[in-house]
Amino acid sequence: MTGNYASAYGAKLSRAEVIAAYPITPQTSIVEKLAEFVSTGELNAKFVPVESEHSAMAACIAAETAGARTYTATSSHGLTLMHEVLMWASGARLPIVMTNVSRAMAPPWSVWVDHMDSIAQRDTGWLQFFCQSNQEVLDTIIMAYKICESKGVMLPAMIIEDAFILSHTSEPVDIPDQEMVDSFLPAYAPEFKIEVGKPMGFGSLVKPDQYMEFRYKAMLGMKAAHDRILRVEQEFKQVFGREHGGLLELYRCENAEVVLLTAGSVAATAKDVVDSMRSKGVPVGLARVRAFRPFPHDEIRALGSRVAGLGVLDRSYTFGAAGAMFSEVKASLYNCPKRPVTKNYIAGLGGRDITPKTIERVFEDIQLVTKRGEESEVEWVDVAGLPRWWR
Amino acid sequence: MAKTTIPEEEFTYPGSTGCPGCGANLVMRYLLKALGERTIVSIPACCWAVMPGYWPSNCLKVPILYTAFEATGAAISGLRAALDIKGIKDVNIVGFAGDGGTVDIGLQAMSGAAERRTEAIYVMYDNEAYMNTGIQRSGSTPWGAWTTTTPVGTTHDFKHEAKKDIMAIMQAHRIPYAATVSIAHPEDFIKKIQKAKGIRGFKFIHAMSPCPPGWRLNPMLSVEAARLAVETHMFPLYEIEHGRVRITRKGKGLPVSEYLKLQGRFSHLSESEISEIQSAVDASWRYLEEEEKYAAQAGINE
């Protein structure tokens, strides 16, 4: 099945009770499938066909506050339109789960993959999971509800699938039994919800002598999410026999001299390149950031202290700085006594293919830079007019 | 003396942080008296976002879901969906927003909620400007008014655009019930809310809400201003039930100057400008009367 159907099945198996969504390419087949599930009675949920993504999230917030498990899906401009209410969802400590089909931002118009939309939401207080496969999309939605609904976390989660590469590409996906999912994921039972007879205010005005404590507690929730992600994945593995790599998946990083770190579907291509280079005796490895929020700082420090070179391939760019993952990785490593050489590669924006050849050249460049030191910290890869990197 | 029909039970505790003479306080008070305890109110950014008081206090006897400025329509849809799936019945869901949060930034979400026939009552308390942020013009500010962003100045730069007719906008959504209410007529107010409660679907209430600081009005005269708004036909009391317009209080048809002269926000207007307002009000009133007649003759939904 496609990544989008994997998302729809993930929400259905998690028994989402309220789904509020607005169509946007390439997210549409997720909500079409869910509307179909609701219309056939396969899923007992309310489908609210809202008039914008902002309203989709606002409706999910209201429904979740009333104790319903909610789900929505969006992409690019839809996600960025939600920006305000994304902050509302995390500030209100609501474990909403949403799929974002990661797509480039206009102008110029593009419906194809990059991570600019998702990365731009990194400070909204959402857990962010970048997926590599359609199976991972389905499994992560189920896990995300369990992670986020736990009392110590109570924050929303964004499951990120790459536009078209995952959303519209079919892969074999195992659909777990509903009964097994039900025993893994109990019904949502929040400590507080809005109900008649209990005159509470949800989202009241607070004074400066109280506001910071609310934020501090949300920070603790995000901190707690780190261990919770690992524990829930282990439980998931026991029940379903699958795991996807915790917060930072390491692929053939043992005895690696240089490692490429990236996120999303390109990791699958990079793993093939690692295999082929390893078969020629080149000691390279791949690290895949699965959770961008919370960021796997400890895992990156552990990796960084045992490799000579660490390249970071970002599928987005933070103007005036560098790739966002690169900045995070460098921040992680700064206080390490032993640090690798690092370099940032910007690639695959607006759906440009990142081919095995490109990744091989990136690996070669990391090796070179590791030996002779950095020339430039950030390079744009496969851009017309940049002779060194133009394929 | 005739016994009042206003329910005695209060659902607003003391402690509201509203200004002296605030009309919106009375709008909330009468609304909740009419609806009772099984009510959830969703409030976006507006005066009432701060009037219930600082956390953890709350001067309302019903739960409040605060929401973003433009999101009231979506919030009430989400609340209703959750209650429906949980099988929770007999709960009044109320969207309670100011005029800016309704006719301007919140218009899209409210339109969506109305089109989806969300089972809810949407109340717009209309103080005719962005009052919580300090008297900036909104789409609901009337022609001729001073606000901080239509500051009159030396160029006579008052608001030169007409007030949006939100009742007509909602009428065009073919909702089952829309009504105007006034704090000067609490019995009519409560009767309309109770009527709305008994009708299925999306109901819209337009509540005139005098704002002493924003209108440059003596706080003692806010109910009087609301009364004069009705008597001068500046703010007619009527309802639209399944398309049928019915005026619920004719008013004396006093000159609009009686209403305008109470308020500093109109003090810069010349006599000819006041007569322009008078003509516009007269025309609107005639149109409303025609609508009422048409509905009666055509037997709409009878």
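Two residues are counted as in contact if their C-beta atoms, placed from the backbone, lie within 7 Å. The model is predicted, local features need pLDDT of at least 70, side-chain atom pairs count only at pLDDT 80 or more, and totals for chains, interfaces and linings use all residues. Residues are numbered from 1 along each chain as its sequence is written, and chains are lettered from A, with ligands numbered from 1, in the order in which they are written.

**Figure 1. The two domains of chain A.** The domain assignment, of a kind that is automatic or comes from a database, divides chain A into domain 1 (3-240) and domain 2 (248-380). Their centres, taken over C-alpha atoms, are separated by 28 Å. In the contact, 26 residues of domain 1 of chain A meet 19 residues of domain 2 of chain A. On the domain 1 side, at least two residues each come from α6 (116-119), β5 (127-130) and α9 (208-240) of chain A; α9(A) has the largest share, with five residues. Helices (H or I, at least four residues) and strands (E, at least two) are DSSP runs, numbered from the N terminus. By class, this side of domain 1 has 16 nonpolar, six polar and four charged residues. Ala, Val, Leu, Ile, Met, Phe, Trp, Tyr, Cys and Pro count as nonpolar, Asp, Glu, Lys and Arg as charged, and the others, Gly among them, as polar.

**Figure 2. The contact between chain A and chain B.** Chain B contributes 40 residues and chain A 39 residues. Elements of chain B that give two or more residues to its side are β1 (39-43), α2 (47-50), β2 (64-66), α3 (72-85) and α5 (107-115). Of these, α3(B) gives the most, 11 residues. The chain B side comprises 23 nonpolar, 10 polar and seven charged residues. Strand β7 (residues 201-202) of chain A runs parallel to β2(B), and two bridges join them; strands pair if DSSP finds at least two bridges between them. Within this pairing, Gly201(A) stands opposite Ile64(B).

**Figure 3. The largest nonpolar core.** A nonpolar core is a set of buried Ala, Val, Leu, Ile, Met, Phe, Trp, Tyr and Cys residues joined through C-beta atoms within 7 Å. A residue is buried if 20 or more other C-beta atoms lie within 10 Å of its own, exposed if 12 or fewer, and partly exposed in between, with C-beta atoms placed from the backbone. The largest core has 223 residues, and those with the most contacts inside it are Ala59(A), Ala144(A), Val259(A) and Leu79(B). Beyond its neighbours within four places in sequence, Val259(A) touches residues including Val284(A), Leu286(A), Leu303(A) and Leu310(A).

Figure 4. Most residues other than glycine have a negative phi, and most peptide bonds are trans. The bond from Ala106(A) to Pro107(A) is cis, with omega near -5 degrees; Pro107(A) lies in the loop between β4 (97-102) and α6 of chain A. The bond from Arg293(A) to Pro294(A) is also cis, with omega near -5 degrees, and Pro294(A) lies between β11 (291-293) and α11 (297-304) of chain A. Arg15(A) has a positive phi near 55 degrees and is partly exposed, with 18 C-beta neighbours inside 10 Å. Met154(A) has a positive phi of about 45 degrees, but Met154(A) is buried, with 21 other C-beta atoms within 10 Å.
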